2 protein chains.
Amino acid sequence: MTDGFEFRVEQKEGDARRAAWATPHGVVATPAFVAVGTSAAVKSMTPGDLSTVGQQAVFANTYHLALRPGADLVAQMGGLHRFMAWDKPIFTDSGGYQVFSLGASIEQNVGKIGVFPGDSPPHRGPGANGDRSMVRIDEDGVSFRSHLDGSAERLTPERSIALQRQLGADCILAFDECTSPLHDEAYTREAAERTHRWARRSLDAFHSSSPPNGLPQALYGIVQGGWFEGLRMESADAIAAMEFDGMAIGGSLGRTKADMRRVLEITMPALPEALPRHLLGIGEVPDIFAAVARGVDTFDCVAPTRNARNAGLLMRSLDGEALPKFRSNLRNARFARDERPVDATCPCTLCTNHTRAYVRHLFKAEPLLACRLGTLHNLTFMNRMMSDVRAALAEGRFEQLAIEWLGQREAEILLQPAPRIDASIP
Amino acid sequence: MTDGFEFRVEQKEGDARRAAWATPHGVVATPAFVAVGTSAAVKSMTPGDLSTVGQQAVFANTYHLALRPGADLVAQMGGLHRFMAWDKPIFTDSGGYQVFSLGASIEQNVGKIGVFPGDSPPHRGPGANGDRSMVRIDEDGVSFRSHLDGSAERLTPERSIALQRQLGADCILAFDECTSPLHDEAYTREAAERTHRWARRSLDAFHSSSPPNGLPQALYGIVQGGWFEGLRMESADAIAAMEFDGMAIGGSLGRTKADMRRVLEITMPALPEALPRHLLGIGEVPDIFAAVARGVDTFDCVAPTRNARNAGLLMRSLDGEALPKFRSNLRNARFARDERPVDATCPCTLCTNHTRAYVRHLFKAEPLLACRLGTLHNLTFMNRMMSDVRAALAEGRFEQLAIEWLGQREAEILLQPAPRIDASIP
């Protein structure tokens with residue numbers, strides 16, 4: 001473990017654990033939700049707002065920040081913490097996921113189409129579109145086009161670590177290649193094995209560089225392998241064997257929620273008990289309970305903040321009605337004349353000051369305030385839920401809490417071992 | 001004066017005055033800037049934010065609220081104060097200005113083009129576009145099309161007052177017809193005289209209706225007459241002779257800033273000293289000094305909040321450099337690596353927490369937070385300036401303050417009598 005960091009497991013209940021993740025910018029009590037602040041800001045939130053909602057840490061995107069405003073600029077401004085005026089822990093990703101997004105979106109014929117210069121023979125995997133791909137992967141790294149201006153960009157493990165050194169987050173990630181659920185086992189193996197070689201290079205680059213401002217950084221390795229059980233086991237073993245400070249689970253977690261649980265079940269036992277574990281890109285309520293039960297410590301996901309901006313407000317139930325997705329669309333016409341608070345149990349600015357009727361009106365007529373109030377609410381919800389999870393773990397009643405939140409039947413399904421993944425399902 | 005309201009002039013310096021405008025929702029210390037919250041929200045600001053920036057009152061638009069969410073809905077929700085959770089004074093306009101905007105924008109071949117149903121012979125004035133106009137004015141009122149869905153709408157003095165009763169603002173406005181600087185004297189006279197008849201009908205509708213929730217409302221008359229000196233005098237006399245609770249100055253104030261000052265000089269002396277005076281739609285710094293000097297008490301304007309959302313941040317000077325428009329564009333490349341606060345003299349959230357480099361980055365990459373921080377800043381600026389104006393008036397040094405803000409030469413021009421308006425200039 002890099003000096004300046006300490007991970008202390010304080011309680012366990014089954015594989016679930018409550019822990020303290022001490023970083024140079026303070027301690028994250030886990031399990032914890034890490035809010036996504038892509039461009040060095042959680043959309044519509046000031047640092048003061050983030051403190052108000054109980055946010056312990058934020059997650060910024062290296063790809064976006066490297067393109068705008070540039071990692072060198074952030075470094076010159078004293079690093080991400082000073083740049084965004086947030087003195088608590090920050091995570092950055094490696095850029096690998098964004099490269100996957102560009103590639104996968106093209107493969108699936110959605111999103112932007114770029115023209116890649118020069119000859120590139122068709123190949124399998126992300127960006128397998130010959131000259132028309134925005135992404136090209138080789139052993140050394142990835143070439144891609146900026147989503148902002150189409151300029152040619154390049155990421156390698158060494159470049160990703162150098163960028164993340166400049167950004168100066170507390171927790172940084174090794175450079176990896178994400179695969180999509182549409183990739184076959186052969187390509188997913190090729191990508192996972194490349195990711196292991198990139199993990200080694202990321203570690204070497206990390207060890208041969210210095211932390212910015214003298215403040216140490218922790219490097220997480222990323223387990224890949226898609227939804228192929230054997231590959232996930234191999235990848236978990238490979239990453240666990242390297243001297244990372246933390247373990248992240250990335251890439252495709254399968255085609256169903258059950259696949260995700262199964263992937264976690266075969267991955268987590270292979271990871272070192274003494275290191276923090278981060279599950280990338282997961283943030284729906286039932287998934288968090290399922291992942292905590294399998295030993296995940298931290299989560300990041302755009303869903304709570306993105307849904308907030310789309311009037312999807314998180315709550316356990318609405319007027320006694322169960323909400324399977326734990327959210328209600330406040331644009332719904334039935335709220336037009338509803339004088340009640342959105343969620344009478346919530347202490348946030350939206351729920352303590354405003355009626356459903358007003359919130360619905362704002363989502364139709366004044367999006368700036370609606371987005372802010374919605375984000376304040378959803379992050380309050382996430383942080384209160386994680387606080388409840390930690391309190392339950394402290395008292396050995398996590399399973400009971402899961403039943404209270406999910407209901408007996410759903411909780412049993414989520415907490416019991418998941419079925420083997422059927423690779424014959426297309 | 002309607003019971004429940006009291007206007008007390010506390011000091012005068014020349015024609016400028018410091019006063020207290022007591023309403024059922026508290027006292028507005030004047031001169032004061034009233035922030036515009038078109039759809040029952042100042043864009044990106046919670047009521048708590050508005051209190052933080054020292055906002056004393058807000059100004060909402062009857063036209064917008066009548067279309068969405070509907071004045072009956074707001075009434076059912078307990079009126080604007082409860083609907084928007086703002087317990088301080090609120091102004092609403094009559095809808096006349098928005099109708100003018102629709103008409104003038106068509107006459108000048110900008111903005112939306114609507115198709116008006118039925119036969120309408122071409123006529124002079126707003127919406128003088130035959131069948132293609134979005135606006136048609138007759139003696140009884142105005143027909144227009146909704147900017148939201150093109151539906152046919154109708155406003156009359158009686159309807160405007162009824163809507164404003166439902167909305168329940170403290171200070172409401174008589175229904176008027178605005179003219180543009182492009183209208184000739186004959187049409188401007190016709191519109192002004194119609195406005196006087198509508199003022200009488202607005203008053204009658206006001207007196208024959210009851211305040212919502214038992215809380216009284218004050219009705220302002222609106223002086224029109226464009227930039228024609230004789231018409232302004234006639235209009236001021238006509239409106240002053242009616243039993244309004246306050247006086248508003250509306251419509252075209254001329255083609256130059258000097259025209260505006262001249263219009264105020266010939267209008268203000270005709271208005272009752274004992275009533276509050278509101279200048280509609282003016283909010284630039286030099287204009288506020290010029291108008292206060294001529295006896296204006298309150299102002300509303302979208303400029304400070306709209307500019308804030310466009311990176312135009314208000315300040316007296318930047319690094320010693322004079323800013324004739326009292327604002328700087330924070331998108332400017334020279335701020336990219338500037339670690340200083342935007343305005344070191346400002347106590348707002350933006351200036352006390354963030355660097356120019358970060359604010360510039362937000363305006364490029366994260367508009368939601370940028371708009372909010374910019375609005376917090378610009379409203380803090382406006383309210384601090386108005387507070388300085390009141391403090392100067394209390395000590396008989398308003399002219400000195402104007403010189404400090406505007407410089408000797410500019411202050412002299414703005415405070416001295418303006419030249420007669422040359423009606424021969426096209």
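Predicted model: local features only at pLDDT ≥ 70, side-chain atom pairs only at ≥ 80, totals over all residues.
View 1. A:Y187 has its place in helix α7 of chain A, which covers residues 185-207. Along the sequence A:Y187 and A:G225 are 38 residues apart, while in space their C-alpha atoms are 9.8 Å apart.

**View 2. The relation between chain A and chain B.** Two copies of a chain are related by a rotation about an axis and a shift along it. Here chain B is superposed on chain A by a rotation of 180° with 0.0 Å of shift along the axis, and the RMSD is 0.0 Å. That is the relation of a two-fold axis. Within chain B, the C-alpha nearest the axis belongs to B:L368 and lies 3.2 Å from it.

**View 3. The side of chain B that touches chain A.** Contacts link 35 residues of chain B with 36 residues of chain A. On the chain B side, the elements that give two or more residues are α1 (47-52), α3 (71-76), α4 (80-84), α12 (349-353), α13 (356-365) and α14 (367-394) of chain B, and the largest share, six residues, comes from α13(B). Sorted by class, this side of chain B has 18 nonpolar, 10 polar and seven charged residues. Because 100% of the interface residues of chain B are also interface residues in chain A, the copies meet through the same surface.

**View 4. A:V58 in the largest nonpolar core.** The largest nonpolar core has 267 residues, of which A:V58, A:Y220, B:V58 and B:Y220 touch the most other members. When neighbours within four places in sequence are left aside, A:V58 is in contact with A:V34, A:A35, A:G37, A:V42, A:L50, A:W86 and A:I90.

**View 5. An open sheet of three strands in chain B.** The strands of this open sheet follow the order β7-β8-β9 (chain B), and their pairing is antiparallel. Its edge strands, each of which pairs on one side only, are β7 (135-137) and β9 (152-155) of chain B. On average, and with direction ignored, neighbouring strands of the sheet are turned by 15° against each other. Between β7(B) and strand β8 (residues 142-145) of chain B, the antiparallel pairing runs over three bridges, and B:R136 stands opposite B:S143 in β8(B).

View 6. Most residues other than glycine have a negative phi, and most peptide bonds are trans. The peptide bond from A:T30 to A:P31, however, is cis, with omega near 0°, and A:P31 lies in the loop between β3 (26-30) and β4 (32-36) of chain A. In chain B, a cis peptide bond joins B:R68 and B:P69, with omega about 10°, and B:P69 lies in the loop between α2 (62-67) and α3 of chain B. A:S44, although not a glycine, has a positive phi of about 80°; A:S44 is found in the loop between β4 and α1 (47-52) of chain A and is buried, because 26 other C-beta atoms lie within 10 Å. For A:A311, also a residue other than glycine, phi has a positive value near 70°. A:A311 has its place in the loop between α11 (303-309) and β15 (312-314) of chain A, and with 22 C-beta neighbours inside 10 Å it counts as buried.

Methods
Residues numbered from 1 in each chain as written. Chains lettered and ligands numbered in written order. Helix = DSSP H or I, 4+ residues; strand = E, 2+ residues; numbered from the N terminus. Least-squares fit on C-alpha atoms with pLDDT ≥ 70 in both. Contact = placed C-beta atoms within 7 Å. Core = buried A, V, L, I, M, F, W, Y, C linked by C-beta atoms within 7 Å. Buried ≥ 20, exposed ≤ 12 C-beta atoms within 10 Å, placed from the backbone. Nonpolar A, V, L, I, M, F, W, Y, C, P; charged D, E, K, R; others polar. Pairing = 2+ DSSP bridges. Axes fitted to C-alpha atoms, helices over the stretch in contact; angles between N-to-C directions.
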